[in-house]
Amino acid sequence: MKKKFNLYCGLLIVAIVFGVGLHMFKMGYQMYQGGKAGYNMAKKEKQMGVDRDPMEVVGKIYKMAPVEMMPKGEYLMGFNSGDSIVNLKTGEKMPMMTVMGIVMPENGINRMGVLQGISYLNLILVIVFFVAFIKLVISVNKGRIFEKSTETQLAWGGWSVFAMYLMGWVAQLYNYFVNVQEFEFEAYDLTIMQMPDIALLYSAFGMLLFGQIFKIGRKMKEEQELTI
């Protein structure tokens, strides 16, 4: 039975590491592409004799504003918001509806510091979850199942995952309200399209529920021992 438990725990860790690793690879690749483009641009400017302050580029990066938007009613129905894209395979120029993008205002609000801070908090929560999960696996393998330590680890794991879900909403809402304060587009309404993964919420309450089940089991075991 313990072999299956360890197998499932191992698969869960692999799945989590794969998901986090995939996300980090995606971010790393985007940063690499952005750095490469910036390097090529700086190289061309240097050849042309343009002397640009490197901190100016960093400042622009920090002013980047992720926006999520939907075309306003008349533009959506007519599918004519003025945007278009060319299909290189056929040469056809097609109307395009933009729903997500990154804008770079000249004097935009520096929001990246706050969003990075939220990312660091999420990293701490991930570490808390892994520590609680590993302690739980060790306890079960040692036969310490119906003990307070098991309930504690499940509680730490559940609340850390719940906090990750909340931090996702904090980041989304902060970015949205800053966008509302800073932007108003003629053909688009600002909206929230990407939301925190609801699976985090299910996982959080699932772990907290299992913690209560183990607590009930421990109390029943204690009552049986007192009766005997």
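**View 1. The whole chain at a glance.** Of the 228 residues in the protein chain, 23% are buried (under 20% relative accessible area; over 50% is exposed and anything in between is partly exposed, with a 1.4 Å probe and protein chains only). Please keep in mind that this is a predicted model, where local features need pLDDT of at least 70, side-chain atom pairs count only at pLDDT 80 or more, and totals for chains, interfaces and linings use all residues. Residues are numbered from 1 along each chain as its sequence is written, and side-chain values use heavy atoms, leaving out hydrogens and water. The protein chain holds six helices and five strands (DSSP runs numbered from the N terminus: H or I of at least four residues for helices, E of at least two for strands). Read from the N terminus, their order is α-α-β-α-β-β-β-α-α-β-α. Among contacts in the protein chain with a separation of 6 or more, 81% join residues 24 or more positions apart (a contact means heavy atoms within 4.5 Å). The accessible surface of the protein chain is about 16,400 Å², and carbon and sulfur atoms supply 67% of that (Shrake-Rupley method, 1.4 Å probe; for residues, only the protein chains shown count as cover).

View 2. Asn179 counts as buried because its relative accessibility is 3%. Its side chain reaches the backbone oxygen of Pro66 at 2.9 Å. Beyond its neighbours within four places in sequence, Asn179 is in contact with Ala65, Pro66, Val67, Arg111 and Leu190.

**View 3. Aromatic rings in pairs.** A pair of aromatic rings is described by the distance of the centres and the angle of the planes. Rings of Phe, Tyr and Trp (its six-membered ring) pair if their centres lie within 6.5 Å; planes under 30 degrees apart count as stacked, over 60 as edge-to-face and the rest as tilted. By this rule there are six aromatic pairs. Tyr176 and Phe177 make an edge-to-face pair, because their ring centres are 5.3 Å apart and their planes stand at 65°. With 23% relative accessibility Tyr176 is partly exposed, while Phe177, at 52%, is exposed. The rings of Phe183 and Phe185 have centres 5.7 Å apart and planes at 15°, so this pair is stacked. Phe183 is buried at 13% relative accessibility, and Phe185 is partly exposed at 24%.

**View 4. A phenylalanine cluster.** To finish, Phe129, Phe130 and Phe133 come together as one aromatic cluster.

Note on methods: Polar contact = N/O pair within 3.5 Å; in protein donor to acceptor, adjacent residues only side chain to side chain.
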